[in-house]
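Hi everyone, thanks for making time this morning. I'd like to walk you through one model, so please have a look at it with me.

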Amino acid sequence: MAKPLSKPKSLKAQITRTSLVLAAAALLRERGPEAVPYRKVAACAGAASSSVGSYFDSVTALLYDPGCSNIHLRTAR
């Protein structure tokens, strides 16, 4: 399994990465993993599509945190 890149250091970078994770989690819940391409995630997060590649080195890495978040949401009910 691909590991996500380390957490960003600056507050702005942390906010951008969190926005990307939340957008990917929403897309993953609504439409499944095939609906989570970089450009769509970036558009939903209000970020540049190039920023997705800065925080995640692959689609698998991009899906890791949102997948964990969605699992947590389902088990917390």
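First, some ground rules. This is a predicted model, so local features need pLDDT of at least 70 and side-chain atom pairs count only at pLDDT 80 or more, while totals for chains, interfaces and linings use all residues. Residues are numbered from 1 along each chain as its sequence is written, and side-chain values use heavy atoms, with hydrogens and water left out.

How confident is the predictor? On pLDDT, its confidence in each residue from 0 to 100, the protein averages 85, and 88% of the residues score at least 70. Among the helices, α2 (residues 38-45) has the highest mean, 93, and α4 (residues 59-75) the lowest, 85.

Now the fold. We have four helices and zero strands, in the order α-α-α-α. Helices here are DSSP runs of H or I with at least four residues, strands are runs of E with at least two, and both are numbered from the N terminus.

How much of the protein is buried? Of its 77 residues, 34% are; buried means under 20% relative accessible area, exposed over 50%, and partly exposed in between, using a 1.4 Å probe and protein chains only. The protein exposes about 5,000 Å², with carbon and sulfur atoms supplying 58% of that; the areas come from the Shrake-Rupley method with a 1.4 Å probe, and for residues only the protein chains shown count as cover. If we take contacts (heavy atoms within 4.5 Å) between residues at least 6 apart in sequence, 58% join residues at least 24 apart.

Finally, which side chain does D65 meet? D65 sits in α4 and is buried, at 17% relative accessible area. Its side chain makes a 2.6 Å polar contact with that of R17. By polar contact I mean a pair of N or O atoms within 3.5 Å; within protein, one must be able to donate a hydrogen and the other to accept it, and residues adjacent in sequence count only if both atoms are side-chain atoms.

Terms used. pLDDT is the predictor's confidence in each residue, from 0 to 100.
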